[in-house]
Each structure stands twice: as C-alpha cells, then as structure tokens.
Amino acid sequence: MTRILFVIALALAATVVAPRAASAQTPPPTAEQLDQAKKAYLDGKALHDQGKLAEAVEKFKESYRLSRNAVLLYNIGFTLDELKKSPLALVYYRKFLNEAPKDDTRRQEVTDRVAALEKEIEDAEINSNGGTPTTNPATTPETTPPPSTTPPPSTNPNIKPPGTYKADDFQHQIVTEAPPGKPLDLSASVPADSGFQVTLYFRGAGESDFTAKLMKPRYKELVARIPAAKLTGSSIQYYVEVKDATGAVVTRSGKSTSPNVIDIDPAAPARFYPDLSDDSGTTAKPHGTGDDNPLGGGSNSDTGKGSGDDTKPVDQTPTGGITTVGSKSFNRAKWGTTAAAGVLLVASLYFYVEAGKQADALKADAGLDATTGNPCNAPCHTFDGYDADLQSSGQRDQTLSRVFVGVGIAGAAVAGYFWYKQLQGPAKSESSTPPTTPTSEMSWIVVPTAGDGVTGMAAAVRF
C-alpha cells in the first residue's frame, strides 16, 4: 500500500476545522492547545517514521483531541490500516469523511479505501461463519444493540498462567462521542481463560476524581456502564486498565494523565444495551504504587456512591502536570516559588544593608563625616588597601542585592501566577459537588518594593 500519510497540517497553526453543527457550542481550541496539538502531531510523525505505529496512533489521537483537526483523523485511520486493524481504521476513516471539508483532496482516496475495507471485513466474516454473513461491527460501531433472548452456554474455562496472554490480546474500540442524558456502555474483549481483570475509570465534567467500575462479562464481551447522570457538559473522560491474576498491569487504553475524551454531542448515536441495568459493575481495588499507578497509592473512600450503580470515586489527588490546579506538582511549584521569592527578597535586603555599611565605613575612613558627607577638619585619609577592600566588598554586596531583588521579583511573579490559578480554578469549575466546610487555612502574599534608596518587600497574611 503506497500512499502519502503526512501532509503538513497548517490548520494546526492557523485554522481549526469546524465540528458538526450539533457540536457548534464547543469552544475553539486555545493557542496553548494548538501548540500542544502541533507537538503531539510531530511526535506522532516521528514515531511513525520509526515504525512505532501503535504509539504514533496515540499521539495523533492526542493531537486531534486538542485541535479537532480532521486531518488527524486521516492519519489515525491510515496508521490503524497499516496495523491491520481494519474495523478501527474504518471507524476513523468514516469520521474523517464526516468532519473534513468537502473540498479536501483526500476524500476520494478515503472513500475508495472505506469501500475496500468494508468488502474485506464482509468477506472475512462470511469465511469465518461458513458462508453466512454476520453484522459488521465496523459499520455500526457500538450503536444501540438489540437485547438478546438466548443466554450463552455456561462455561468455566481453566485460567491459564499469567504471561500466557499479552497486551495485544485485549481489544477495546475507543469511543469519541456520545449523546447527553443517556447511559453509555463501553465494551472490551479478552480471552476467556486469560484471568484478566478489566476496569473502567471515568469522570464527568468538573470532577477531579475518576470513578472505577469493573467490566463484567456479557455474552462474548466485557461491559461497564457510565450512568446517564455523568453525560453532561461538553465532554467526559475515561480510560480502561487491564490487570492479570497477580494484579500486574498488562495494558491500558488511555491513562489517568492522558485519558480518552468523549465529546457530548446531541447528534451522536446512543451506545447502550437496553437490557443492561445501571447496577452492573463493582468497585475496583487499587494495586501497586508509584507514578504509573493511576490511583496514586491512595485508599478508596466509602462515600460518594453513585445513584443507581455500585461504584465509588477513587480517592486520589488530582493528577496532571505543573499547571493542573490541585496536583502534587502544582502545589510543590506554588509553595516552592513562594518560599524562594521570599528568601531571595530577604537576601536582597540584607546585602543592600551590608553595602550601605561598607559605604559608610569607606566615607569615615576617607576623612568624611559619615552622617553629612562633608569634609572633616582633619586632613583626609589617604586611599589605601583597607579602603580598597571596603570598596570591593560594598560593590560586591550592591551587585548581590540587585541580582537577588531581580530574581526575587521574577520568583514572586511566578508564585503569583500559581496563586492566581488556584484562586480562579474553583470559580471556573463545572463541578456539581456541594462545597465542603471551609478550613482555617492561612496564606501569605509577598510583594517586592523598590525605590530611591529603598529595596525590600511587603508581606500580608490572609486567614
């Protein structure tokens, strides 16, 4: 298959492809998001050039989530096609045709490939079923299935030892859109004798914690439901984690720091089983510790049980980078820059005072009145090695004072940014959780001051 995959995505820097009319309320990407999308795209291209196709797909998905640029859907579908994951490739090719501009030059190529993939999948289904065609899952991805009337035969397979099956034996079709106000069933499949435990983690708009729910067998697949009450706002996030019988993580689809994003779109098809109730699923227990553990090593809370299902929020500090309000990295940066700014400004004041002392001593030793600066009655003292040392020390202390005040002011500005983000964060949150009782937390505000003959800082405390 000889096709050109990558076209420089100028829209990442200049234009954002408009989503469908039903999603017109979704705000356009910010400049920061477009920069992140461009970086993710370039990372994905580099991974593709290295032959790391699966990793490239994830980067292209990240870039699409940030930019909503339909060109990325083409890249995702093409790379999945290279991986021989035809049903998934078909889904993204169709999504590209649905979202790309009508004059996009790749439309005809994608249309031809969609027709070829549909025929390949249909032929494979006929061959695998002895000449009887079955419903093609790629043509109706996770739409509302009819309830089954005949239960499957009861089986009790012998679980094979851990290590028998690998990450590639787990299958999950990522969902990118769902309608509001309706439950959402996510499905996955693993070998029946693998002993894999598959857990769905999800969080709705304004929530900082993920809710964990075990995916339960339903005929030949595993299913877990996100309740309809969570399908609000503009999007929800989720990831799926697979562990073997020993509790070791086998693979994930997304993770807590970079989850899959589902756009809430009224035009999206419903994706739930009518015969499945909202009480399917159990609370997942965390295994292991460390940075790679999405639960952050915390214990589960018994509070916050969802209405109509038996899941519990995972008790964890919000995950994310240094700009994520409430995360450990954010708090460390906030307090670290605040403390550093205070120390630097105090040091600047100290060296300023020391420089003044050296100047006074030099004046006195040179035969000048240290108070008025006027010549004294006695002859002026000759400038000697002692005076040179005083001058050198004073100049050094003056330089250090200026350096520390400059760096201290910069540190105070950075600290102010973190405090501002924390103060603004709750006001912008979409969380529907009622506010908790306020705590008597004390915080300091440090502001540098500088003027003619004065260098220092002012501080205030808020209770």
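**Conventions.** I worked from a predicted model, in which local features need pLDDT of at least 70 and side-chain atom pairs count only at pLDDT 80 or more, while totals for chains, interfaces and linings use all residues. Residues are numbered from 1 along each chain as its sequence is written, and side-chain values use heavy atoms, with hydrogens and water left out.

**Entry 1, salt bridges.** I looked up the salt bridges, taking each as a side-chain nitrogen of Lys or Arg within 4 Å of a carboxyl oxygen of Asp or Glu, and found that the structure holds 19. Side chains of opposite charge can pair when their charged atoms come close.

I began with Glu58 and Lys61, whose closest N and O atoms are 3.9 Å apart. The two sit 3 residues apart in helix α2 (residues 53–67), and so are separated by about one helical turn; I take helices (H or I, at least four residues) and strands (E, at least two) as DSSP runs, numbered from the N terminus. For burial I used relative accessible area with a 1.4 Å probe and protein chains only, where buried means under 20%, exposed over 50%, and partly exposed in between. On that scale Glu58 is partly exposed at 35%, whereas Lys61 is buried at 9%.

I then turned to Arg94 and Glu118, which form a salt bridge with an N to O distance of 2.2 Å. This pair links distant parts of the chain, since Arg94 belongs to helix α4 (residues 86–99) and Glu118 to helix α5 (residues 107–128), 24 residues apart. Arg94 is partly exposed at 25%, and Glu118 is partly exposed at 28%.

Within helix α4 I also noted Glu99 and Lys95, which lie 4 residues apart, about one turn of the helix; their closest N and O atoms are 3.0 Å apart in a salt bridge, and both residues are buried.

I traced an open sheet of 3 strands in the order β2-β6-β5, with antiparallel pairing, where two strands pair if DSSP finds at least two bridges between them. Strands β2 (184–188) and β5 (216–218) stand at the edges with a single partner strand each, so one side of each has no neighbour in the sheet. Between β2 and strand β6 (residues 221–226) I found 5 bridges, and Leu184 stands opposite Ile226 in β6.

Asp185, in strand β2, is buried at 4% relative accessibility. Its side chain makes a polar contact of 2.6 Å with the side chain of Arg225, a polar contact being a pair of N or O atoms within 3.5 Å, of which, within protein, one must be able to donate a hydrogen and the other to accept it, and residues adjacent in sequence count only if both atoms are side-chain atoms. The side chain of Asp185 also reaches the backbone nitrogen of Tyr273 at 2.6 Å.

Ser348, in helix α6 (residues 328–365), is buried at 0%, and a polar atom of the Ser348 side chain lies 2.8 Å from the backbone oxygen of Ser401.
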